[in-house]
There are 2 protein chains.
Amino acid sequence: MPSGSPFLQACRGEAVPYTPVWFMRQAGRSLPEFRALRERYTFAEMTASAELTAEATMQPVRRLGVDAAILFSDIVTPLAAMGIDVEIEAGVGPVFAVPFRSEADLVRLRPLEPETDLAPVLAAVRIAVAELDVPLIGFAGAPFTVASYLIEGGPSRDYARTKALMLGEPVLWARLLDRLADITIASLRAQVGAGAAAVQVFDSWAGTLHPAHYESHVLPASTRVFNALADLGVPRIHFGVTTGELLGHFAAAGADVVGVDWRVPLDRARQRVGSRAVQGNLDPAVLGAPWAVVAAEADAVLDAAGARPGHIFNLGHGVLPGTDPDVLARLVEHVHERTADGRAPAVAPQAVRS
Amino acid sequence: MPSGSPFLQACRGEAVPYTPVWFMRQAGRSLPEFRALRERYTFAEMTASAELTAEATMQPVRRLGVDAAILFSDIVTPLAAMGIDVEIEAGVGPVFAVPFRSEADLVRLRPLEPETDLAPVLAAVRIAVAELDVPLIGFAGAPFTVASYLIEGGPSRDYARTKALMLGEPVLWARLLDRLADITIASLRAQVGAGAAAVQVFDSWAGTLHPAHYESHVLPASTRVFNALADLGVPRIHFGVTTGELLGHFAAAGADVVGVDWRVPLDRARQRVGSRAVQGNLDPAVLGAPWAVVAAEADAVLDAAGARPGHIFNLGHGVLPGTDPDVLARLVEHVHERTADGRAPAVAPQAVRS
């Protein structure tokens, strides 16, 4: 267990030899070796195989030199493992054959039995942890975002059905989120039991909610997830996009690290999350610009994060499929070099972008 | 010209007899009479016909009792009118046959000649203004959002090409935005000349940008648009979604009214836009909940807007296609009744949702 790793140190708000880096969706279509796997196997075949999951998890560590691995998975993987009919459609996302519509659908969400349901996932964690010399981050969806896929039947632009159920049937909604929280808790506890040294809870789409709706209808279930992981002693990261108005709630839910999308400069984000560490937040689309721009933008992120410990460098959302992996590798190197041994930010504080 | 209209009074930050209401996309698929038109005519046929455009513009005023009409249009209508090959695909949005890729594409963006290019649009404005007893809001896209459609070729999730061009070729980008600003200015000046009593500039997707990118690469062109409309003396509304971190810039660009999406409570938005009026911001998805929820959520919006003048009630984004028009009509009535004659907010200030 690499407990002295810069990634884990930064999660705990401790001083680091350099700012650690990893990328959401670092395992994925930007890597030729991943695309080669996907030409041979479906997403479902990959997540059902310990070897393939472990391989996809480790590929970006080998190629990019990132400071953490994250389990190759999808937020609906536990539901699929329980026998719920859901497919990951390329370029679309999870699509459920039978969306969640009423109380009768609750019965489909039985308690997760990780050692059987997630046997290949946990075996993959064990393989990757044994082979890697960087920490492995466990992966799970938060109750709201999983619920939104279940209710909409797939990705959504407006979450109309999700919000109508949340506001119109709050008791059923709370029961649904409670069941999903239980599944998330069971999955993450099992991943940590198998060797994951941190966890990230993806509430990717919670930023579609008014802060009051989030507070009333989502925060309780998410808080239960974070509280139920507290005794494990591993850093808990909480991430979503367009969460500018929710960052305080994301911290209050019990996260040790709050992931920030690129819309909120990290100095502003720091004010909203208090003493928690922050993770982020370069705009993934910036990686399509010339290298000089990428480097300058990465520096702006580092400058906004400031000299205070507790920053994990990441993108503000997942790596885009068309991203050049050489740019990702160069970015890791750049962040490491620029922050080595507490090197001061290159610009004076008053010039920091905010 | 209904200069004493509650809508115009609210735009100017004056006291109102009741809070005015209109809805983005109030002309559209939620209305059966609009769907009946669309069964017979394509979107392009409708925007090319003064009578059909005027009819679609007036339909929601008749049925819903809103306090303002908005020109039925699309942000790419001026480009289509100039002969650029773009289609509005149902459920998708504008799709360009030949996306903007390089300097050679600039020549396609010749200056707009509104009296000829937009002849049916301006005739529609004249018809609607003559028939309506509420103000008509002129409609145009802001340079960034129009540029994003041109460059991506259609709607986008990540704006990767747009941002790569913006950051990688800033001189070409500035030239593109300048041309689009000129087109927006010409279109809106002509609409006001034909009788529009206010304008709304849609920078719907600018909220995808980091504030520093917005400030460097978008704010100058948008400011030029708002400045070029100042002498007309009509209220200028500036709207986009996921703009929480940009609201100060949206005001600074020269707007009289800043439209706010539902993610930012209006009391917070007021702090960010200073003395400007605010417009918004009920989550459109709320309209799918039972009426008691809709009413309570509308009240929460009114309470967050507070007693200070300068609030136009609207949704935080467009009416969703599946919305029941009776709910829209009832909502207009509810907002009017609850705010009639400066009636105080129903809850004490400390209980206001924020």
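In the predicted model, Arg108(B) is partly exposed, with a relative accessible area of 26%. Its side chain meets that of Asp105(B) in a salt bridge, with N and O 3.8 Å apart. Asp105(B) is buried, at a relative accessible area of 13%.

Side chains of opposite charge can pair when their charged atoms come close. A search of the whole structure finds 34 salt bridges over all chains. One of these joins Arg175(B) to Glu103(B), whose closest N and O atoms are 2.5 Å apart. Arg175(B) belongs to helix α10 of chain B, whereas Glu103(B) sits in the loop between β3 and α6, so this pair ties together parts that are 72 residues apart in sequence. Arg175(B) is partly exposed, at 37%, and Glu103(B) is likewise partly exposed, at 48%. Arg62(B) forms a salt bridge with Glu55(B), at 3.0 Å between the closest N and O atoms. Here Arg62(B) is exposed, at 52%, while Glu55(B) is partly exposed, at 24%. In chain A, a network of salt bridges links Asp178(A), Asp182(A) and Arg224(A).

Chain A also contains an open sheet of 7 strands with parallel pairing, in the order β1-β4-β5-β6-β7-β8-β9. Strands β1 (69-70) and β9 (311-315) form the edges, each pairing on one side only. Within the sheet, β4 (residues 136-141) and β5 (residues 198-202) of chain A pair over 5 bridges, and Phe139(A) stands opposite Gln200(A) in β5(A). Helix α10 (residues 170-193) of chain A packs on the sheet and touches β4 and β5, its direction making about 170° with that of β4(A).

Chain A can be laid on chain B by a turn of 180° and a shift of 0.0 Å along the axis, with an RMSD of 0.0 Å. The two copies are therefore related as by a two-fold rotation axis. Of the contact residues of chain A, 100% recur in chain B.

Methods. Residues are numbered from 1 along each chain as its sequence is written. Chains are lettered from A and ligands numbered from 1 in the order in which they are written. This is a predicted model: local features need pLDDT of at least 70, side-chain atom pairs count only at pLDDT 80 or more; totals for chains, interfaces and linings use all residues. Side-chain values use heavy atoms; hydrogens and water are left out. Two strands pair if DSSP finds at least two bridges between them. Helices (H or I, at least four residues) and strands (E, at least two) are DSSP runs, numbered from the N terminus. Contact means heavy atoms within 4.5 Å. Axes are lines fitted to C-alpha atoms, for helices over the stretch in contact, and angles run from 0 to 180 degrees between N-to-C directions. Copies are superposed by least squares on the C-alpha atoms of residues with pLDDT of at least 70 in both. A salt bridge is a side-chain nitrogen of Lys or Arg within 4 Å of a carboxyl oxygen of Asp or Glu. Buried means under 20% relative accessible area, exposed over 50%, partly exposed in between (1.4 Å probe, protein chains only).
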